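The following paragraphs lead the reader through one protein model. They should be read with the sequence and the three-dimensional view at hand.

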Amino acid sequence: MAGKQDFKGDVVMESVHTHEHSIERELECVSQVPIFQRLSAEQMTSVAQVTRPIHAEKGGAVFSTGEVSQTLYIVNQGQVRLYHLAEDGREQVLRVLNPGDFVGEIALFTDEIHASYAEATKTTELCTISRASLTALIKKLPPLSMALLGALADRLKSAERQATLLAIPDALPRLAGYLQELTGHTTGTVDLPMSKQDLAAYLGMTPESLSRKLRQLATSGIIETIGRRQVKVTDSIKLSELAPS
């Protein structure tokens, strides 16, 4: 199998593989995606017919910065993280894609070069739809175009929220603001959508700083950490007082 260069210039083996097309597998995949869920069964089958699966091992690159973006990627199983590399080599996590999440829709509207890296954080199966196929589907299925516009609007809001958090110089209110959004400004237990290492990179913190701030919130009786991926907010009022207004 041919290799490719990673961002350091070293040759690495391809870790994304195309699987045999299965209409049942693709229907399972597209049915998880909100932009397709309002389609009829017949329309969803039309989407599944032009969808192709790929498989990525843990740590495998789904795509890299500088590559031409001509594909919509949908996570069926597993997880993919999107990140930039700063000039000093540090990672800035942009988003983490879980089953039903997708990336690449901007390529439908403009010729685009990937400005980020996409890497599988565990063994992952994705469904892909080419730009040409998805453009044809949009023309054929008007509800799909409105759903895509809604998804783009949500993506923009999410990017604006992250930019707002990153602009806060103090790490504690940055973390408090994130947890407040994650819990919907209420008490209760939530699953972190990404590893703590990725969450630290998403919030522009070091893993050590994130751990210290989580302990500080826990010591103050505001949260409880449960295992590695759950946080219970026990005092939403105190959390809101720490979060940016």
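How many bridges join β7 to strand β10? Strand β10 (residues 102-103) is joined to β7 by 2 bridges, and the two run antiparallel. Two strands count as paired if DSSP finds at least two bridges between them; helices (H or I, at least four residues) and strands (E, at least two) are DSSP runs, numbered from the N terminus. The model is a predicted one, in which local features need pLDDT of at least 70 and side-chain atom pairs count only at pLDDT 80 or more, while totals for chains, interfaces and linings use all residues. Residues are numbered from 1 along each chain as its sequence is written, and side-chain values use heavy atoms, with hydrogens and water left out.

Because 5 of its 7 residues are buried, β7 is largely enclosed by the rest of the structure; buried means under 20% relative accessible area, exposed over 50%, and partly exposed in between (1.4 Å probe, protein chains only).

In α2 (residues 41-49), the residues Met44, Ser46, Val47 and Ala48 are buried, and their cover includes α1 (23-30), β13 and α3. Helix α3 (residues 131-140) contains Ile138. Leaving aside neighbours within four places in sequence, Ile138 is in contact (heavy atoms within 4.5 Å) with Leu108, Leu144, Ser145 and Leu148. Leu108 is 30 residues from Ile138 along the chain, and their C-alpha atoms are separated by 9.8 Å.

A second sheet is open and has 3 strands in the order β14-β16-β15, with antiparallel pairing. Since β14 (188-191) and β15 (223-226) stand at the edges with a single partner strand each, one side of each is left without a neighbour in the sheet. From one strand to the next, the twist averages 25°. The pairing of β15 with β16 extends over 4 bridges, and Glu224 stands opposite Lys232 in β16. Helix α5 lies across β14, β15 and β16, running at about 100° to β14; axes are lines fitted to C-alpha atoms, for helices over the stretch in contact, and angles run from 0 to 180 degrees between N-to-C directions.

The largest nonpolar core has 27 residues, and those with the most contacts inside it are Tyr178, Leu179, Leu199, Leu203 and Ile223. Such a core is a set of buried Ala, Val, Leu, Ile, Met, Phe, Trp, Tyr and Cys residues joined through side-chain atoms within 4.5 Å. At least two of its residues come from each of β9 (91-97), α5 (171-183), α6 (196-202), α7 (207-219) and β16 (230-233), and α5 supplies the largest share, 6 residues. Apart from this core lies another, of 21 residues, including Ile35, Phe36, Leu72 and Ile74.

Helix α5 also contributes elsewhere: β9, α4 (142-166) and α5 each supply at least two residues of the lining of the largest pocket. The largest share of that lining, 12 residues, comes from α4. In total, 30 residues line the largest pocket, with Asp101, Asp154, Arg155, Ser158 and Arg161 nearest its centre. On a 1 Å grid over the protein atoms alone, a pocket is an open set of points where a 1.4 Å probe fits, with protein on both sides within 12 Å along at least five of seven lines, and lining residues have an atom within 4 Å of a point.
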